[in-house]
Amino acid sequence: MAAINRGQVAHLAQLAHIEMSDDELDRMAKELAVIVDSVKSVSEAAGADVPATSHPIPLTNVMREDVVGHVLTAEEALSGAPDSADGRFKVPAILEES
Amino acid sequence: MSTETLVGFEEAMEKYDPVLGFEVHVELNTKTKMFSSAPNVFGDEPNTNVNEVCLGLPGVLPVVNRKAVESSILIGLALNCKIAEHCTFARKQYFYPDTPKNFQTSQYEDPICYDGWLDIELEDGTVFRVEIERAHMEEDAGKLTHMGGATGRIQGADYSLVDYNRSGVPLVEIVTKPIEGAGSRAPELAKAYVAAVREIVKNLGVSDARMERGNVRCDANVSLRPHGAEKFGTRTETKNVNSLRAVENAVKFEIQRHAAVLDSGVEITQETRHWHEDTKSTTSGRPKSDADDYRYFPEPDLVPIVTTAEWVEELRSRLPEPPAERRKRLQADWGYTDLEFRDVVNAGLMDEIEETVTAGATAAAARKWWMGEIARRAKLADVDPAALGVSPAVVVEIEKLIASGAINDKLARKVLDGVLEGEGTPAEVVAKRGLAVVSDDGALQKAIDEALAAQPDVAEKIRGGKVQAVGAIVGGVMKVTRGQADAARVRELILATLGVEG
């Protein structure tokens with residue numbers, strides 16, 4: 001079995017701001033272990049001389065010129081916001097206690 | 001906010017050896033953002049310089065700004081870095097409302113620039129080499145305004161407002177290697193290093209480099225270890241250090257604070273500190289902990305950047321003369337003393353003097369005008385000397401008028417008045433105001449005769465050989481001619497009139 005345990009899943013869940021029940025943590029630890037195992041077999045196939053792949057397509061240097069293009073108005077930008085004020089996105093207090 | 005215990009700086013230096021490290025973020029002045037074609041403009045109405053990419057909406061595809069990549073390479077070259085032949089972008093994951101995607105697009109394992117160095121000259125001429133670990137490309141975050149709490153701080157705020165105009169603005173983060181051996185010069189070196197980086201990016205033209213607008217921002221890492229120890233102490237990272245003076249003060253404060261903590265037998269907590277300009281102190285931010293597990297992974301939406309030798313060399317050929325070398329060259333060319341030159345640099349008049357010299361004035365004359373009369377008037381008008389309205393060409397023309405004997409120094413100041421009042425070129429002002437030196441001997445002779453008649457006792461003294469008394473008569477003539485006479489010529493004529501050898 002792969003080295004991923006319940007504690008690591010709980011840690012990841014916390015980092016990703018996902019609330020998980022004890023049952024979910026147990027189940028996810030098992031499922032992720034299978035995935036990690038699968039990935040490991042890929043790692044075994046690729047030797048140390050094979051560089052890590054970040055993209056499956058051999059493309060590089062996709063760039064654009066520095067020319068202003070599409071811009072939204074503030075109204076458009078805020079149209080999907082749950083809350084807004086003074087032309088800005090309004091978000092709940094960031095720190096819970098002072 | 002607790003009051004921190006501090007140890008005196010000298011005392012701290014006796015016991016401990018500081019190790020520094022800096023992360024300087026430079027905002028590039030490209031027209032558009034790093035990964036989107038939305039405008040990169042400071043100070044506009046909130047959320048008017050954004051599009052779907054800057055807002056992190058689903059389904060968008062970032063595209064790299066070529067100019068931003070080139071600016072990053074230019075910065076790397078100016079910092080004597082190697083340029084990666086192949087590099088990638090990575091996602092740095094964290095949750096904070098200034099980052100709508102919940103990740104910042106950055107570089108992780110393979111920065112575009114790495115292994116550089118910068119020689120920093122301290123005030124007394126000591127040169128200190130700072131090693132550059134890396135300079136990588138990333139994007140800026142939005143701007144938060146905390147509402148409802150006291151003094152706009154995040155603590156106690158009821159809610160926060162977010163402006164994403166800055167979201168996605170291209171940033172280059174320059175990271176030093178640990179800086180050892182600075183000793184008691186650490187605060188000074190910190191300031192000088194950030195000043196040098198700011199000067200370099202400004203000179204390259206890749207950033208507006210205005211610290212008060214956050215174009216150049218510094219995070220300062222400080223740790224202390226006992227003298228002779230190899231191992232670094234635990235460090236703190238002070239953020240929000242956004243002026244040169246603040247960099248110096250923050251490093252000094254943290255050294256003094258660390259020393260006090262260590263003296264009391266407690267370990268330093270590895271944490272982020274926030275610099276407060278009002279109290280000139282730092283306070284604890286969040287401790288470095290799980291929250292700093294950024295789970296970097298390669299950005300799947302951006303393909304790698306590959307640099308060719310031709311591209312890098314073409315960029316290298318665009319590099320301007322490094323500011324430190326330029327200063328050395330100009331001081332040598334102009335023959336100024338160290339003090340004179342430092343005054344010129346501090347007054348921000350190096351460019352003006354260079355242009356004035358290039359336009360044909362002597363270095364001495366250029367300095368005399370810019371550091372003297374022009375600086376004085378600028379101070380009165382509360383503007384920068386360069387913004388007063390005197391061009392290098394005006395200085396050159398006034399100097400030529402003086403050299404030709406058409407005007408003297410006193411008249412030159414009146415000519416400057418006329419130029420500043422929009423009466424035209426110096427020559428035009430001389431003509432309009434009738435400021436030319438009176439060189440008509442006939443007119444001068446008349447004035448001299450009158451002056452001698454008015455002060456017969458002085459005339460007698462001069463006849464008797466007291467040549468130095470001639471000054472009183474010269475003064476009288478200058479008064480009558482309203483300063484428009486050539487004093488040397490007047491003196492000659494007086495002595496000739498009285499039949500005395502000069």
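Two strands count as paired if DSSP finds at least two bridges between them. Helices (H or I, at least four residues) and strands (E, at least two) are DSSP runs, numbered from the N terminus. With those terms in hand, let's work through some exercises. The model is predicted: local features need pLDDT of at least 70, side-chain atom pairs count only at pLDDT 80 or more, and totals for chains, interfaces and linings use all residues. Residues are numbered from 1 along each chain as its sequence is written, while chains are lettered from A and ligands numbered from 1 in the order in which they are written.

**Exercise 1.** Find the partners of strand 13 of chain B, and state the sense of each pairing.

*Solution.* Start with strand 12 (residues 216–226) of chain B, which pairs with strand 13 (residues 236–241) of chain B in the antiparallel sense over four bridges. Within this pair, Asn221(B) has Glu237(B) as its bridge partner. Next, turn to strand 14 (residues 271–276) of chain B, which pairs with strand 13 of chain B over four bridges in the parallel sense. Here Thr236(B) is bridged to Glu271(B).

**Exercise 2.** Explain why strands 6 and 16 of chain B each have one side without a neighbour in their sheet.

*Solution.* The open sheet has three strands of chain B in the order 6-5-16, with antiparallel pairing. Strand 6 (103–106) and strand 16 (297–298) of chain B stand at its edges with a single partner strand each, so one side of each has no neighbour in the sheet.

**Exercise 3.** Describe how helix 13 and helix 16 of chain B pack.

*Solution.* Two packed helices are described by the angle between their axes and the distance between the axes. Helix 13 (residues 441–454) and helix 16 (residues 487–498) of chain B pack at an angle of about 60°, and their axes are 10 Å apart. Axes are lines fitted to C-alpha atoms, for helices over the stretch in contact, and angles run from 0 to 180 degrees between N-to-C directions. Helix 13 of chain B is therefore oblique to helix 16 of chain B (under 35 degrees is roughly parallel, over 145 roughly antiparallel, 65 to 115 roughly perpendicular and the rest oblique).

**Exercise 4.** Work out how chain A is built and how spread out it is.

*Solution.* Count the elements: chain A has three helices and three strands. Their order from the N terminus is α-α-β-α-β-β. The radius of gyration of chain A is 22 Å, well over the 13 Å that the globule rule gives for 98 residues, so chain A is more spread out than a compact globule (the radius is taken over C-alpha atoms, and the rule is 2.2 Å times the number of residues to the power 0.38). Finally, the C-alpha atoms of chain A fill a box of roughly 55 × 45 × 25 Å, taken along the principal axes.
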